[in-house]
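Thanks for asking me to look this over. Below are some points I would keep in mind while turning the structure around on the screen.

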Amino acid sequence: MQKTFPHESGLPILADLDLPAGAITIGPADGPTIEVSLEPLGRDRQRAAEAIERATVDFDGHKLIVHVPGRFLREAQLLLKLALPPSSELEVRTASADVRIAIDMARLDVRTASGDIIGRN
């Protein structure tokens with residue numbers, strides 16, 4: 001699943017992410033857009049495809065919400081890629097996912113049971 005949202009102002013946003021398992025990568029937006037991509041990761045592609053189908057992605061101009069339900073899809077691992085404006089705020093909830101951030105963030109709140117958080121040098 002890929003979604004692109006127009007974001008003409010280019011101002012920072014709040015990204016609220018909920019991904020049970022897999023990996024999250026966050027990079028800079030290329031132009032006045034917000035980009036979201038969900039891809040299967042891991043061995044169980046069928047469960048991953050089901051998780052992508054059930055995912056919700058919404059953007060209201062200020063807040064991006066990406067929610068992947070995990071209660072019944074525990075083995076599903078996904079790769080969530082985001083392209084955001086610099087100085088955005090990020091809230092992440094995950095059970096088991098690595099988070100890689102390649103842009104400057106104004107605020108970062110990550111809650112994970114198991115996973116690495118890697119920022120740029």
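1. Let me start with burial. Of the 121 residues in the protein chain, 40% count as buried. Please remember that this is a predicted model, and that every value in this note was computed from it.

2. Next, the overall fold. The protein chain has 10 strands and 1 helix.

3. On dimensions, the C-alpha atoms of the protein chain fill a box of roughly 40 × 30 × 20 Å along the principal axes. The radius of gyration is 13 Å, which agrees with the value near 14 Å that a compact globule of 121 residues would have.

4. Which parts of the sequence do the contacts bring together? Taking contacts between residues at least 6 apart in sequence, 67% join residues at least 24 apart.

5. Now the surface and the charges. The protein chain exposes about 6,800 Å², and carbon and sulfur atoms supply 47% of that area.

6. In soluble globular proteins, nonpolar side chains tend to be buried together. Here the largest nonpolar core has 32 residues, and those with the most contacts inside it are Leu17, Ile26, Leu64, Leu80 and Leu84. Strand β8, residues 88-101, gives the largest share of this core, with 5 residues.

7. Setting aside residues up to four places away in sequence, Leu17 touches Ile24, Ile26, Val66, Leu80, Leu82, Leu90, Glu91, Val92 and Arg93. Two of these partners, Ile26 and Leu80, are also listed with Leu17 among the residues with the most contacts inside the core.

8. Is His7 buried or exposed? His7 sits in the loop between β1 (2-6) and β2 (14-18). Its relative accessible area is 5%, under the 20% cut-off, so His7 counts as buried. Beyond its neighbours up to four places away in sequence, His7 touches Ile13, Pro32, Thr33, Ile34, Phe59, Gly61 and Pro85.

9. Ala97 belongs to strand β8 and, at 2% relative accessibility, counts as buried. Leaving out neighbours within four places in sequence, Ala97 is in contact with Leu19, Ala21, Gly22, Ala23, Thr112, Ser114, Gly115 and Asp116. Ala97 and Thr25 are 72 residues apart in sequence, yet their C-alpha atoms are 10 Å apart in space.

10. Asp58 lies in strand β5, residues 56-59. With 47% relative accessibility, Asp58 counts as partly exposed. Its contacts, not counting residues up to four places away in sequence, are Phe5, Lys63, Leu64 and Ile65; Leu64 is one of the core residues named above. Asp58 and Gly119 are 61 residues apart in sequence and 25 Å apart in space, C-alpha to C-alpha.

11. Finally, a backbone detail. Ser87 has a positive phi of about 70° although it is not a glycine. Where does Ser87 sit? Ser87 is in the loop between β7 (77-84) and β8, and at 38% relative accessibility it counts as partly exposed.

Notes:
Residues numbered from 1 in each chain as written. Predicted model: local features only at pLDDT ≥ 70, side-chain atom pairs only at ≥ 80, totals over all residues. Heavy atoms only, no water. Helix = DSSP H or I, 4+ residues; strand = E, 2+ residues; numbered from the N terminus. Rg over C-alpha atoms; globule rule 2.2 N^0.38 Å. Buried < 20%, exposed > 50% of the residue type's maximum accessible area, 1.4 Å probe, protein only. Contact = heavy atoms within 4.5 Å. Areas by Shrake-Rupley, 256 points an atom, 1.4 Å probe, with all protein chains shown as cover. Core = buried A, V, L, I, M, F, W, Y, C linked by side-chain atoms within 4.5 Å.
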